[in-house]
Amino acid sequence: MRVRYSETDAQGIVNNGNYLSYFEVGRVEWLRAAGLSYRELEERGYGFVVVEARVFYHRAARFDDELVLRTRLSDLGRTSLRFDYEVLRDGAAVATGYTRHACIRLSSGRATRIPEDVMGTLKAGGG
């Protein structure tokens, strides 16, 4: 990914909140590569909602920096999952963190078990 000008603050540094957007890109692409799309999950009536997010900032990134985002499914439970992230520039960590998600039924907003076929796809994708 290349840092866009709109992602920087008045000091020319990537605004801290943008890292959560970067994490979302990594998560969606990880799921897509594993064979699961958010759209298909939602069409089936399920969603993965963020229940916890943590970002650790290591060094500043600036406009036009080229960043590498690594995403890994690090925990998979019956009703929740966690992704870990590394944002790197030239091999050095710019930011790291994680997001934890609960599986919900969209119709009720209540937590539910991850469907078995989705669980199988997640496990095969690297969980």
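The accessible surface of the protein amounts to about 7400 Å², and carbon and sulfur atoms account for 44% of this area; the areas come from the Shrake-Rupley method with a 1.4 Å probe, and for residues only the protein chains shown count as cover. The structure is a predicted model, in which local features need pLDDT of at least 70 and side-chain atom pairs count only at pLDDT 80 or more, while totals for chains, interfaces and linings use all residues. Residues are numbered from 1 along each chain as its sequence is written, and side-chain values use heavy atoms, with hydrogens and water left out.

Three helices and four strands make up the secondary structure of the protein. Helices (H or I, at least four residues) and strands (E, at least two) are DSSP runs, numbered from the N terminus. Along the sequence their pattern is α-α-β-β-β-β-α. The C-alpha trace spans about 45 × 30 × 20 Å along its principal axes. Of the 127 residues, 38% count as buried, where buried means under 20% relative accessible area, exposed over 50%, and partly exposed in between (1.4 Å probe, protein chains only). Contact means heavy atoms within 4.5 Å. Among contacts between residues at least 6 apart in sequence, 63% join residues at least 24 apart.

The largest nonpolar core has 27 residues, and Y19, F48, I114 and L122 touch the most other members. Such a core is a set of buried Ala, Val, Leu, Ile, Met, Phe, Trp, Tyr and Cys residues joined through side-chain atoms within 4.5 Å. Two or more residues of this core are given by each of α1 (18-34), β1 (46-57), β3 (80-89), β4 (92-105) and α3 (116-124). The largest share, six residues, comes from α1. Beyond the residues up to four places away in sequence, Y19 touches V14, V55, Y57, A61, V87, V94 and A95.

In α3, the buried residues include V118, M119 and L122. The buried residues of α3 fall within an arc of 100° when seen down the helix axis, so they line one face of the helix; the arc is that of the directions from the helix axis to the C-beta atoms. An α-helix has 3.6 residues a turn, so residues three or four places apart point the same way. The exposed residues E116, K123 and A124 are carried on the face of α3 turned away from its buried side. The cover over the buried residues of α3 includes α1, α2 (38-43), β1, β2 and β3.

The loop between β1 and β2 (68-76) holds A60. A60 has a relative accessible area of 33% and is therefore partly exposed. Leaving aside neighbours within four places in sequence, A60 is in contact with I13, R89 and V94. A60 and V14 are 46 residues apart along the chain, and their C-alpha atoms are separated by 7.0 Å.

Most residues other than glycine have a negative phi. D64, although not a glycine, has a positive phi of about 75°. D64 is found in the loop between β1 and β2, and counts as partly exposed because its relative accessibility is 40%. D90, also not a glycine, has a positive phi of about 55°. D90 lies in the loop between β3 and β4, and its relative accessibility of 78% makes it exposed.
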